[in-house]
Amino acid sequence: MINDFGVVEENASLENYNTYGIKTRARYLIKPNSINNVASLVEFLNKENIPYYLLGKGSNVILPDTPFKGAIISLENLNKIEIHDNVIVAECGVVL
């Protein structure tokens with residue numbers, strides 16, 4: 001089921017997920033909590049023919065004002081930073 005991949009909201013408002021505050025909705029807003037969940041989720045959505053879009057913090061994104069009939073995958077929960085010697089490893093949801 002789609003809930004296996006993270007927090008899922010159906011018929012979700014995307015107003016707070018884009019810096020322009022465009023009032024639109026998506027069939028699903030999914031917030032995976034691991035990189036592995038993102039990979040498995042994308043595989044599931046492809047298998048089920050559900051269109052999807054990966055979304056960071058929503059800056060420089062202009063969303064349509066018509067509802068998106070697929071899944072928006074918010075990467076905001078993937079925000080861990082690790083430092084190993086001189087190497088910094090940051091997940092894709094880290095805010096610069």
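How many of the 96 residues of the protein, in percent, count as buried? The share is 35%, where buried means under 20% relative accessible area, exposed means over 50%, and partly exposed lies in between (1.4 Å probe, protein chains only).

The model is predicted: local features need pLDDT of at least 70, side-chain atom pairs count only at pLDDT 80 or more, and totals for chains, interfaces and linings use all residues. Residues are numbered from 1 along each chain as its sequence is written, and side-chain values use heavy atoms, with hydrogens and water left out.

**Overall layout**

The protein has 1 helix and 6 strands; helices (H or I, at least four residues) and strands (E, at least two) are DSSP runs, numbered from the N terminus. From the N terminus on, their order is β-β-α-β-β-β-β. The C-alpha trace spans about 45 × 30 × 15 Å along its principal axes. The accessible surface comes to about 6,500 Å², and carbon and sulfur atoms account for 50% of this area. Accessible areas come from the Shrake-Rupley method with a 1.4 Å probe; for residues, only the protein chains shown count as cover. Among contacts between residues at least 6 apart in sequence, 50% join residues at least 24 apart, a contact being heavy atoms within 4.5 Å.

**Nonpolar cores**

A nonpolar core is a set of buried Ala, Val, Leu, Ile, Met, Phe, Trp, Tyr and Cys residues joined through side-chain atoms within 4.5 Å. The largest one holds 13 residues, of which Ile 2, Ile 30, Leu 41, Leu 45, Ala 71 and Ile 73 touch the most other members. At least two residues of this core come from each of β2 (25-32), α1 (35-47) and β4 (68-74). The helix α1 gives the most, with 4 residues. Apart from this core lies another of 9 residues, among them Tyr 17, Ala 26, Leu 55 and Leu 63.

Which residues does Leu 41 touch, not counting those up to four places away in sequence? They are Ile 2, Phe 5, Ile 30, Pro 32 and Ile 73.

Strands β5 (residues 81-84) and β6 (residues 87-90) pair in the antiparallel sense over 4 bridges; two strands pair if DSSP finds at least two bridges between them. They form a hairpin with 2 residues between them. Ile 83 is found in β5, and its bridge partner in β6 is Ile 88. Ile 83 counts as exposed because its relative accessibility is 60%.

**Loop residues**

Most residues other than glycine have a negative phi. Asn 60 is found in the loop between β3 (52-55) and β4, while Asp 85 lies in the loop between β5 and β6. Tyr 20 sits in the loop between β1 (6-13) and β2. The table gives the accessibility of these loop residues.

| Residue | Relative accessibility | Class |
|---|---|---|
| Asn 60 | 72% | exposed |
| Asp 85 | 79% | exposed |
| Tyr 20 | 52% | exposed |

Leaving aside neighbours within four places in sequence, Tyr 20 is in contact with Val 61 and Ile 62. Tyr 20 and Val 42 are 22 residues apart in sequence and 27 Å apart in space, C-alpha to C-alpha.

**Salt bridge**

A salt bridge is a side-chain nitrogen of Lys or Arg within 4 Å of a carboxyl oxygen of Asp or Glu, and the count by this rule is 1. Glu 76 forms a salt bridge with Lys 31, and their closest N and O atoms are 3.3 Å apart. The pair links distant parts of the chain, 45 residues apart: Glu 76 is in the loop between β4 and β5, and Lys 31 is in strand β2.
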